[in-house]
Amino acid sequence: FVATKLVTKQYESTATLGVTPKSSGPEALTLFAILDQVVPFYAEAADSRTTLAAARARLGQPLGDISIETFKGTGLMKVKARSPSPRLAQLSAQTVARVLVRRVNRGEVGTASYKLDVLDRASLPTTPVFPRTRLTLLVAALLGLGLGLAAALLRENLATKVETAEDLSAASGLPVFAEIPAETAVPKLHS
């Protein structure tokens, strides 16, 4: 629990973008069919040095950690930003999304057959995504229980202590004729 309090909290904000064909005629069906090949190109452009440098300049400060996620079979793309500051995470995701849309509208990225729109603006995160305190505590408890059980089983199975006359007979291969009483039994004999 203490370790999760020592780690810097990270907040994540996401902006969702959509790549769609500009035309709505029969040509649009062909453009939708090749969407899986087109969207990764836009995702690479979102994560490119040019886009990130323009976003950094527009924001006027360093960006949070940016990652891009695409979804097969759709024209959706998510721009995710992580930062210790919730506001910086939101601004980073939103700025990268805006800069990418502006680059597409200027014709610097993509083809003239497709358009890129911001479908969902980045929102201000209210809870950290890292560290996950409950998950960490649950995993630690399960690991502790598992390691404790493993140690107990190992100790029991690796013990070389002879506990009964039968154990001694089996280990030595010789018969046992007598047994010395345990120390707790000796005082009872004298009384």
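**Notes on the sheet and its salt bridges**

1. Let me start with Arg103: this residue is buried, at 13% relative accessible area, where buried means under 20% relative accessible area, exposed means over 50% and partly exposed is in between (1.4 Å probe, protein chains only). Arg103 meets Glu108 in a salt bridge, side chain to side chain, at 3.0 Å from N to O. The term salt bridge stands for a side-chain nitrogen of Lys or Arg within 4 Å of a carboxyl oxygen of Asp or Glu.

2. A word on the ground rules. This is a predicted model, in which local features need pLDDT of at least 70 and side-chain atom pairs count only at pLDDT 80 or more, while totals for chains, interfaces and linings use all residues. Residues are numbered from 1 along each chain as its sequence is written, and side-chain values use heavy atoms, with hydrogens and water left out.

3. Back to Glu108, which is partly exposed at 44% relative accessibility. Glu108 also meets the side chain of Arg106 in a salt bridge, at 3.7 Å from N to O. Arg106 itself is exposed, with 57% relative accessibility. Through shared partners, the salt bridges join Arg103, Arg106 and Glu108 into one network.

4. The structure has four salt bridges, and another of them pairs the side chains of Lys80 and Glu69, at 2.8 Å from N to O. This one links distant parts of the chain, with Lys80 in strand E3 and Glu69 in strand E2, 11 residues apart. Glu69 is partly exposed, at 29% relative accessibility.

5. Now the sheet. Four strands form an open, antiparallel sheet, in the order E2-E3-E1-E4. Strands E2 (65-70) and E4 (114-120) stand at the edges with a single partner strand each, so one side of each has no neighbour in the sheet. From one strand to the next, the twist averages 25 degrees. For the terms: strands (E, at least two residues) and helices (H or I, at least four) are DSSP runs numbered from the N terminus, and two strands pair if DSSP finds at least two bridges between them.

6. Strand E1 (residues 11-21) runs antiparallel to E4, and six bridges join them. Among the residues involved is Val19, whose bridge partner in E4 is Leu116.

7. Helix H5 (residues 86-106) lies across E1, E2, strand E3 (76-83) and E4, at about 15 degrees to E1. Contact here means heavy atoms within 4.5 Å. Axes are lines fitted to C-alpha atoms, for helices over the stretch in contact, with angles from 0 to 180 degrees between N-to-C directions.
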